[in-house]
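Hello,

Here is the structure I said I would pass on. My notes on it follow below.

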Amino acid sequence: MATPRNSSCCCCCWSLVLQLVLLLGTFLLPVAHGSTSTFTRIGQEATGCPRNSPSLNRCIEQAIQYYISYMYTGLISERTSVSSLDPLDLPDATLIRTDDVLSTSSKRSTTGFRNMYITDVRSDIARLEFFFKFHVAAIDTRGTYHARLLRHPGIAEWSQMTYSIRNSTIAMQLKGSNVEYEDRVYLKVKVTQWEQQIGDHTVGFRWFTMSGNYSQHSDRFEQIRGRDILPVVERELMGSLQQRFQLLLNEVLFLAPFDRFFPTSY
């Protein structure tokens, strides 16, 4: 990642920061909405979202949606970037472990976030609390699936696994804190609550490769990746997304001091 806190960052930098600030949320008191947004530009820099503006929530909403729609790759300028939102790389995960079989997923990447949109924003700047709600039309997570017998690791199977979600809602609550770095104050957030309502979801496998005396144990492998794996994959994926969103959001927030995102004047 290019060096953050660059005073020459263009307006896109401030837009991106504000946009990601709402990718994770904390329940707070609602702020009254105004008829116009205060997310305006002066020359090549954005004014941010004034913390005492009556249209603060609307301003944050527009900034986040701008990031999602136009800056999802994480590229802010030629010299400044953050982790990509779409695709969003996820860490390796253990899916199911029993006394005799272990299944894992690795090299996972999720796409589709560029098509989601924010439906609700609530903020309390004094308490550094935020609530964000998103509609997610469709996201797909692809990775490598591997299962093996613990006592005979040479007996194993590999496959490409896809987990697809359609027409879902993700709601996040964030609690922020101020941290000082090189005499400047930055905002850092933590996800305190994460909820999802999944409309439709499926797990698919293809391109199977087997090793060892697989045929004698094929029923056991099929049982492991049977219908019981769906809630396991969902739970693990949502946990990974929560952690990744928090890391990404804090990357963005560290691009500029707190008072650049939320100035005190109109």
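**Salt bridges, buried residues and ring pairs**

Asp 140 is buried, at a relative accessible area of 14%. Please keep in mind that the model is predicted. Asp 140 forms a salt bridge with Arg 166, with 3.2 Å from N to O. This pair links distant parts of the chain, since Asp 140 belongs to strand E7 (residues 129-149) and Arg 166 to strand E8 (residues 156-181), 26 residues apart. Arg 166 itself is partly exposed, with a relative accessible area of 31%.

The whole structure has 10 salt bridges. Another one of them joins Arg 114 to Asp 86, where the closest N and O atoms are 3.4 Å apart. Here too distant parts of the chain are linked: Arg 114 sits in the loop between E5 and strand E6 (117-124), and Asp 86 in the loop between H2 and strand E3 (88-90), 28 residues apart. Asp 86 counts as buried at 2% relative accessibility, while Arg 114 counts as partly exposed at 35%. Asp 120 and Arg 122 also form a salt bridge, their closest N and O atoms lying 3.0 Å apart.

Next, a buried arginine. Arg 108 lies in strand E5 (residues 101-111) and has a relative accessible area of 6%. Its side chain reaches the backbone oxygen of Pro 91 at 2.6 Å. Beyond the residues up to four places away in sequence, Arg 108 touches Leu 88, Asp 89, Leu 90, Pro 91, Ala 93, Thr 141, Arg 142, Gly 143, Glu 236, Leu 237 and Ser 240.

On the nonpolar side, the largest core has 61 residues, and Ile 60, Leu 241 and Phe 262 touch the most other members. Helix H4 (residues 229-253) gives this core its largest share, 11 residues.

Helix H2 (residues 56-70) has 15 residues and spans 21 Å from its first C-alpha to its last, close to the 21 Å expected at 1.5 Å a residue. Its buried residues are Leu 56, Asn 57, Cys 59, Ile 60, Glu 61, Ala 63, Ile 64, Gln 65, Tyr 67 and Ile 68.

As for the rings, there are 12 aromatic pairs. Phe 130 and Phe 132 have ring centres 6.0 Å apart and planes at 15 degrees, so they are stacked. Both Phe 130 and Phe 132 are buried. In contrast to that stacked pair, Tyr 186 and Phe 254 make a tilted one, with centres 4.7 Å apart and planes at 45 degrees. Tyr 186 is in strand E9 and Phe 254 in the loop between H4 and helix H5 (258-261), so this pair ties together parts that are 68 residues apart in sequence. Tyr 186 is buried, with a relative accessible area of 3%, whereas Phe 254 is partly exposed at 26%. Phe 130 and Phe 132 also belong to one aromatic cluster with Phe 258 and Phe 262.

Ile 198 is in the loop between strand E9 (184-197) and strand E10 (200-211) and is partly exposed, with a relative accessible area of 23%. Leaving out residues up to four places away in sequence, Ile 198 touches Tyr 163, Ile 165, Asn 167, Ser 168, Glu 234 and Met 238. The C-alpha atoms of Ile 198 and Val 136 are separated by 9.1 Å, and the two residues are 62 residues apart along the chain.

Regards

Methods:
Residues are numbered from 1 along each chain as its sequence is written. This is a predicted model: local features need pLDDT of at least 70, side-chain atom pairs count only at pLDDT 80 or more; totals for chains, interfaces and linings use all residues. Side-chain values use heavy atoms; hydrogens and water are left out. Helices (H or I, at least four residues) and strands (E, at least two) are DSSP runs, numbered from the N terminus. Buried means under 20% relative accessible area, exposed over 50%, partly exposed in between (1.4 Å probe, protein chains only). A polar contact is a pair of N or O atoms within 3.5 Å; within protein, one must be able to donate a hydrogen and the other to accept it, and residues adjacent in sequence count only if both atoms are side-chain atoms. Contact means heavy atoms within 4.5 Å. A nonpolar core is a set of buried Ala, Val, Leu, Ile, Met, Phe, Trp, Tyr and Cys residues joined through side-chain atoms within 4.5 Å. The expected span of a helix is 1.5 Å times one less than its number of residues. A salt bridge is a side-chain nitrogen of Lys or Arg within 4 Å of a carboxyl oxygen of Asp or Glu. Rings of Phe, Tyr and Trp (its six-membered ring) pair if their centres lie within 6.5 Å; planes under 30 degrees apart count as stacked, over 60 as edge-to-face and the rest as tilted.
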